Amino acid sequence: MAGYGVANERLRVLEELEREIGASLQSAGTVILELSKEKAAERQLERQAAQFTAAVAKVETELSAQIRYLTQVATGQPHEGSSYAARKGCQLALNRLDYARRKLAELARACEGGADA
């Protein structure tokens, strides 16, 4: 159940980032609109540009954290809430077991063939 809490928190952070990206696009649009005027309001431009810069910095930081987390998950490093490494180990063990069974069957056929001759 703890895995769902981590996943839900990750999704919440991504949703927040999506809102932050929307806000930064809104700030950029306001700056462009203001720049298109003959007399741009310098204070508003500075404020919107600062908001845009802050939003981009926050998004970059959070996305970097998400990428680091996903890199840990993908490389099989232990982390909270994942069973990937255990499932991978189990699948590899099953593959080795299947291989051993085939080799034993080949050996048994070879022994039976040698005994019949």
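Lysine 103 and glutamate 106 sit three residues apart in helix α3, about one turn of the helix, and they form a salt bridge whose closest N and O atoms are 3.6 Å apart. In this predicted model, lysine 103 is partly exposed at a relative accessible area of 37%, and glutamate 106 is likewise partly exposed at 39% relative accessibility.

**Fold and surface**
- The protein chain has three helices and zero strands, and its pattern along the sequence reads α-α-α.
- Of the 117 residues in the protein chain, 13% count as buried, while the accessible surface of the chain comes to about 9,300 Å², with 59% of that area belonging to carbon and sulfur atoms.
- When contacts between residues at least 6 apart in sequence are considered, 57% of them join residues at least 24 apart.

**Salt bridges**
- Also in helix α3, which covers residues 84-116, aspartate 98 and arginine 102 are four residues apart and so separated by about one helical turn; their side chains meet in a salt bridge with an N to O distance of 3.2 Å.
- Aspartate 98 is partly exposed, with a relative accessible area of 38%, and arginine 102 is partly exposed at 44% relative accessibility.
- In helix α1, glutamate 9 and arginine 12 are separated by about one helical turn because they are three residues apart, and their side chains meet in a salt bridge at 2.6 Å, N to O.
- Glutamate 9 has a relative accessible area of 39% and is partly exposed, as is arginine 12 with 38%.
- Glu9 and Arg12 also belong to a network of salt bridges that links them with Glu16, Glu20 and Lys58.

**Nonpolar patch and aromatic rings**
- Leu11, Leu14, Leu63 and Ile67 make a nonpolar surface patch of about 350 Å², to which α1 (2-35) and α2 (42-74) each give two or more residues.
- Leucine 14, found in helix α1, counts as partly exposed at 37% relative accessibility.
- The charged end of arginine 10 sits over the ring of tyrosine 69, at 3.7 Å from the ring centre, whereas the count of aromatic pairs comes to zero.

- Threonine 30 lies in helix α1 and counts as buried because its relative accessibility is 19%, which falls under the 20% cut-off.
- Leaving aside neighbours within four places in sequence, threonine 30 is in contact with Gln44 and Gln48.

Notes:
Residues are numbered from 1 along each chain as its sequence is written. This is a predicted model: local features need pLDDT of at least 70, side-chain atom pairs count only at pLDDT 80 or more; totals for chains, interfaces and linings use all residues. Side-chain values use heavy atoms; hydrogens and water are left out. Buried means under 20% relative accessible area, exposed over 50%, partly exposed in between (1.4 Å probe, protein chains only). Contact means heavy atoms within 4.5 Å. Accessible areas come from the Shrake-Rupley method with a 1.4 Å probe; for residues, only the protein chains shown count as cover. Rings of Phe, Tyr and Trp (its six-membered ring) pair if their centres lie within 6.5 Å; planes under 30 degrees apart count as stacked, over 60 as edge-to-face and the rest as tilted. A charge sits over a ring if NZ of Lys or CZ of Arg is within 6 Å of the ring centre and within 35 degrees of the ring normal. Patches are made of residues with over 30% relative accessible area and no salt bridge: like charges are joined within 9 Å, nonpolar side chains (Val, Leu, Ile, Met, Phe, Trp, Tyr) within 5 Å. A salt bridge is a side-chain nitrogen of Lys or Arg within 4 Å of a carboxyl oxygen of Asp or Glu.
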